[in-house]
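Please walk me through how this structure is packed on the inside.

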Amino acid sequence: MQIFSFWYFLLGIFLIFPAPFVYAQPPASLTIEELQRVGLQANGLVQAARSQVNMAKAGVIAASAFLNPEITVSAGPDDKRLPEILTGPATMQRAVTVNQGIENPFMRSARIGASEAVVDASRASFDQIRADLAAQLRVRAYELLLRIEQAALEQNIYDLLKEVRRRIAANVERGEVARFELIRADTELQSTANRMEAAQLTAQRARVALLQLTAGAIPIDFEIQASLKDPINLPPLDTLRQEVPSVNPDVIRLQAEQERAKLRISQEKASVLPQINFLYTNYQDAQFTSNIAGVSVRIPLLYQRRGEIDTAIYDSARIRETLEYRRYEISQLFEAAWQSLQIARRRVDMFEGGLIKEAENAVEVAEAAYRFGERGLIEFLDSQRILRGILGDALLARFDLQSSAVEIDRLRAHYPKELIPE
């Protein structure tokens, strides 16, 4: 009876407090800017680059530190070599020596400046990694939209051919059309089904690529609030030509490295100057206490760091030549991206200027002619195949347009930095 009473008690609780209904959460909908923000926060390479910047800042603290003093303590007994009547009882003696190095101010300022230049170079590398990742995220997002559009296109073509195949099968049963037409329709339908499945798998692969770049920080069923028809907003060509070589993170990094190399030359030259150490010694024994002060000077007579100075000079020349070439290379990359943008824009205008509409009209005419028996299946399939090719090329042209704009923004490190914490 107690067991039955317990189960009745539980039943009463469930009737009074029913279990909440679990609603399925809708898929996350992200804009491209939000996708970039999530990816830049979660990607491990960005975190590693941020750690490099923090390490460089710690290096400035180390370079700004003063030399620590050296303290030497020595003590020991006096051993008698003569009779005690002459020397007296045995005693202890001790000595304390303090050695404080005085750093060359020219060498110190050059070392601190070189460390600060390393911070600037690390921060520029950090900006380069963020700009590259932001560009990859944006390109992958538009690629996913492209693959989804291609899959939808193949799905529409499959549905259309499936309906045509149904009509042909009905005509074959009535004896109005030869069975060969049905075999041809089945072959074309199977080919379209294979293309549709391949397009769907390609879309899934593009989705996985985005998940990989964001380190799994977004749900697998996410959606993107964007379109291949998004407008392209870029400054004028002359403004970009002046902006890109001056704000590119790789150029800024090389400029910081060149400054570091120049300061390293100054540091090596300053290290040739004499190095001074101040000495102080306190000595005590049984009879005397002495305080001795002195100066220790290391004079570079035999070796004046010629090898280190030459190495710093050649390293500065190497970085300078690399910087000049990189400026030229980035300018050429920008010109190529700009030309690609113009070509893609002309292709988009060509497809939207009437080419797609003409191909759609040709398919409608061929379908109507085939329905009334004026044209064969081959003519209809050819017109449909031409339309599929034109629509696919139009999607690729829009993707190329967005990709070219992304490349220009990558070269000038343009991405929503205000959404990304340092």
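**Inside the model**

Phe334 touches Leu237, Leu240, Arg241, Val244, Ile408 and Leu411, leaving out residues up to four places away in sequence; touching, or contact, means heavy atoms within 4.5 Å. This is a predicted model, in which local features need pLDDT of at least 70 and side-chain atom pairs count only at pLDDT 80 or more, while totals for chains, interfaces and linings use all residues. Residues are numbered from 1 along each chain as its sequence is written, and side-chain values use heavy atoms, with hydrogens and water left out.

The largest nonpolar core has 41 residues, of which Phe334, Leu341, Phe380 and Ile408 touch the most other members. Such a core is a set of buried Ala, Val, Leu, Ile, Met, Phe, Trp, Tyr and Cys residues joined through side-chain atoms within 4.5 Å. Buried means under 20% relative accessible area, exposed over 50%, and partly exposed in between (1.4 Å probe, protein chains only). At least two residues of this core come from each of α5 (105-174), α6 (179-213), α7 (237-247), α8, α9 (306-371) and α10 (377-411). The most come from α9, with 13 residues. Helices (H or I, at least four residues) and strands (E, at least two) are DSSP runs, numbered from the N terminus.

Helix α8 (residues 249-270) contains Gln258. Gln258 counts as buried because its relative accessibility is 12%. Beyond its neighbours within four places in sequence, Gln258 contacts Ile319, Arg320 and Leu323.
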